[in-house]
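Me: I'm new to this one, so could you walk me through it step by step? Here it is.
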Amino acid sequence: MSVGTNQPLANALDSSATFLNLSCLDFLMIELVPMMYRVVNDVDSTAPEERAAKQEIKNVNTDEKISYGKSGSTTGTMNVKIKQMEEDDEKDAVFFRLEALGYRVGQGLVERFSRERQRFIDTLDVIKFICKDLWQLLFKKQLDNLKTNHRGVYVLTDHSFRPFARMSTEAGGQAVMRAQPYLWFPCGIIRGALANMGIDATVQAETSELPGAIFQIKSNTKI
């Protein structure tokens, strides 16, 4: 299903209208992910329960080294597992912060730019609003493709996702892996926009080749 033309979101002569500066949004998208990793490491790690948990991990690690000191391979395996657990926890914390931030942004955008519109008839109309108007507002382009199974699942494809446009494409899939966190904030925007239009949904995103991005929406609400 192709996405058609969009209507102007606001009148430029309206003195009360507020617009989104595209350059500022680009800089925000670039800085959000590294900033959130710093926040998670600098702020969350200072919490008492976090310090206690890390100390417990260190104690376990020390005990394992003492117990298995003669077996280097066993100790190495334990160290890798503990490090992997820490990385997974960090990744989850960054995801929840970015997604929650995007959720609030999505709510605010819909409050501002859909209040003059008539009530949407069904969920598909809401998804089309996301594809046409909201994406145009955020990234100065519409989503390239929309597919649905007509049972509450929608797949939105952007062949040239703006935040990925300036990313380098490294060999070996490293670029795709590093790009993944930059999809979490837009996922939150979509979920927040849907929530403010009465649709409870889960939003996931992935990229297999830059600069493309695919967003999958699973709706739990019928309107």
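Me: Let's start with H4: where does it bend, and by about how much?
Reply: Keeping in mind that this is a predicted model, H4 bends at Ile130, by about 35°.

Me: And how does the distance between its end C-alpha atoms fit the span it should have?
Reply: The two agree, because the 17 residues of helix H4 (residues 123–139) should span 24 Å at 1.5 Å a residue, and the end C-alpha atoms are 23 Å apart.

Me: What's going on at the start of H4, and what follows it?
Reply: At the start of H4, the backbone nitrogen of Leu124 has a side-chain oxygen of Asp122 within 3.3 Å, while after the helix comes Lys140, which has a positive phi, near 60°.

Me: How many of the residues of H4 are buried?
Reply: Of its 17 residues, 13 are buried, so H4 is largely enclosed by the rest of the structure.

Me: Which strands does H4 lie across?
Reply: H4 lies across E1, E2 and E4, and its direction is at about 15° to E2.

Me: OK, switching to the sheet, what's the strand order?
Reply: The order is E1-E2-E4-E3, in an open sheet of four strands with antiparallel pairing. Strand E1 (145–148) and strand E3 (201–206) are the edge strands, each of them pairing on one side only, and from one strand to the next the twist averages 15°.

Me: How many bridges hold each pair?
Reply: E1 and strand E2 (residues 153–158) are joined by four bridges, E2 and E4 pair over six bridges, and E3 and E4 also pair over six bridges.

Me: Can you give me some of the partners, say what Tyr154 pairs with?
Reply: Tyr154 in E2 is the bridge partner of Thr148, and Tyr154 also has a bridge partner in E4, namely Ile217.

Me: Which residues make up the two faces of E4?
Reply: The covered face holds Ala213, Phe215, Ile217 and Ser219, whereas Ile214, Gln216 and Lys218 are on the uncovered one.

Me: What is it in contact with, neighbours within four places in sequence aside?
Reply: Ser219 is in contact with Thr123, Gly152, Tyr154, Ile199, Asp200 and Ala201, and Ala201 is also its bridge partner.

Me: Last one: which strands does H6 lie across?
Reply: Helix H6 (residues 184–196) lies across E3 and E4, at about 155° to E3.

Notes: Residues numbered from 1 in each chain as written. Predicted model: local features only at pLDDT ≥ 70, side-chain atom pairs only at ≥ 80, totals over all residues. Heavy atoms only, no water. Contact = heavy atoms within 4.5 Å. Expected span 1.5 Å × (residues − 1). Bend = angle between axes of the 7 residues up to and from the residue. Buried < 20%, exposed > 50% of the residue type's maximum accessible area, 1.4 Å probe, protein only. Polar contact = N/O pair within 3.5 Å; in protein donor to acceptor, adjacent residues only side chain to side chain. Pairing = 2+ DSSP bridges. Axes fitted to C-alpha atoms, helices over the stretch in contact; angles between N-to-C directions.
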